[in-house]
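Reader: I would like to go through a structure feature by feature. Please give the idea behind each feature and then the case at hand.

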Amino acid sequence: MHLTLLKCKLHRACVTHAEVDYEGSCAIDEELLKLAGIREYEQIQIYNVTNGERFTTYAIRAEPGSRVISVNGAAAHKAAPGDRVIICAYAAMTETEADAHKPTLVYLDEHNRVTRTGDFIPAQAA
């Protein structure tokens, strides 16, 4: 049996561009891709904290150091510049792999600068 677990995420990234006429995908600063462990062309889920939209696309590289998060193609209708989003990638693994797995968590500020990284999410308090 394989389980699907959170592989990595960019938490509260700020959308910098929404390009309807660009070939579909989400362009992400190459440095952020590498830090999170998201591969170019990997399927990603995007959760728009600002408007509640949730959608699937794939990642492409944006210029390193640009801090670009560009939602492109049809998905551009689901996000606007300034929206805060959570960008996640998932991985299938065996139960044994899942027991040892720790996700890569990258937390960003409103300028897509890294504020911290981690590998676990604390239990939510009541």
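This is a predicted model: local features need pLDDT of at least 70, side-chain atom pairs count only at pLDDT 80 or more; totals for chains, interfaces and linings use all residues.

Reader: What share of the contacts in the chain joins residues at least 24 apart?

Author: Sequence separation sorts the contacts. Among contacts between residues at least 6 apart in sequence, 77% join residues at least 24 apart.

Reader: Now burial and surface. What percentage of the 126 residues is buried?

Author: Buried residues account for 44% of the 126. The accessible surface of the chain is about 7,200 Å², and carbon and sulfur atoms hold 49% of that surface.

Reader: Which residues have the most contacts inside the largest nonpolar core?

Author: The largest nonpolar core has 23 residues, and L10, C26, I28, I38, I44 and I87 have the most contacts inside it. At least two residues of this core come from each of β1 (2-14), β3 (25-29), α1 (30-36), β4 (43-48), β5 (54-62), β6 (69-72), β7 (84-94) and β8 (104-108). Another core, of six residues, lies apart from it; Y47, I86, C88 and L105 are among its residues.

Reader: What does I44 touch, leaving out residues up to four places away in sequence?

Author: With those left out, I44 touches C26, I28, I38, F55, T56, T57, Y58, A59, I87, C88 and A89.

Reader: F55 is in that list. Is F55 buried or exposed?

Author: A residue counts as buried under 20% relative accessible area. F55, in strand β5, has 7% and is therefore buried. Beyond four places in sequence, F55 is in contact with I44, Q45, I46, V71, A75 and K78. One of these, A75, is 20 residues from F55 in sequence, with 7.4 Å between their C-alpha atoms.

Reader: And Q43: is it buried or exposed?

Author: The cut-off for exposed is over 50%. Q43 has 53% relative accessibility, so Q43 counts as exposed. Q43 sits in strand β4. Its contacts, residues up to four places away not counted, are T56, T57, Y58 and A89.

Reader: Backbone angles next. Where does R67 lie?

Author: R67 lies in the loop between β5 and β6. R67 is not a glycine, yet its phi is positive, about 65°. With a relative accessible area of 38%, R67 is partly exposed.

Reader: What is the phi of N112?

Author: N112, also not a glycine, has a positive phi of about 60°. N112 is placed in the loop between β8 and β9 (114-118). Its relative accessibility is 3%, so N112 counts as buried.

Reader: Last, the charges. How far apart are the mean positions of the positive and negative charges?

Author: The chain has 13 positive and 17 negative charges, and their mean positions are 5 Å apart.

How values were computed: Residues are numbered from 1 along each chain as its sequence is written. Side-chain values use heavy atoms; hydrogens and water are left out. A nonpolar core is a set of buried Ala, Val, Leu, Ile, Met, Phe, Trp, Tyr and Cys residues joined through side-chain atoms within 4.5 Å. Buried means under 20% relative accessible area, exposed over 50%, partly exposed in between (1.4 Å probe, protein chains only). Helices (H or I, at least four residues) and strands (E, at least two) are DSSP runs, numbered from the N terminus. Contact means heavy atoms within 4.5 Å. Accessible areas come from the Shrake-Rupley method with a 1.4 Å probe; for residues, only the protein chains shown count as cover. Lys and Arg count as positive and Asp and Glu as negative; His and the chain ends are not counted. The place of a charge is taken as NZ of Lys, CZ of Arg, CG of Asp or CD of Glu.
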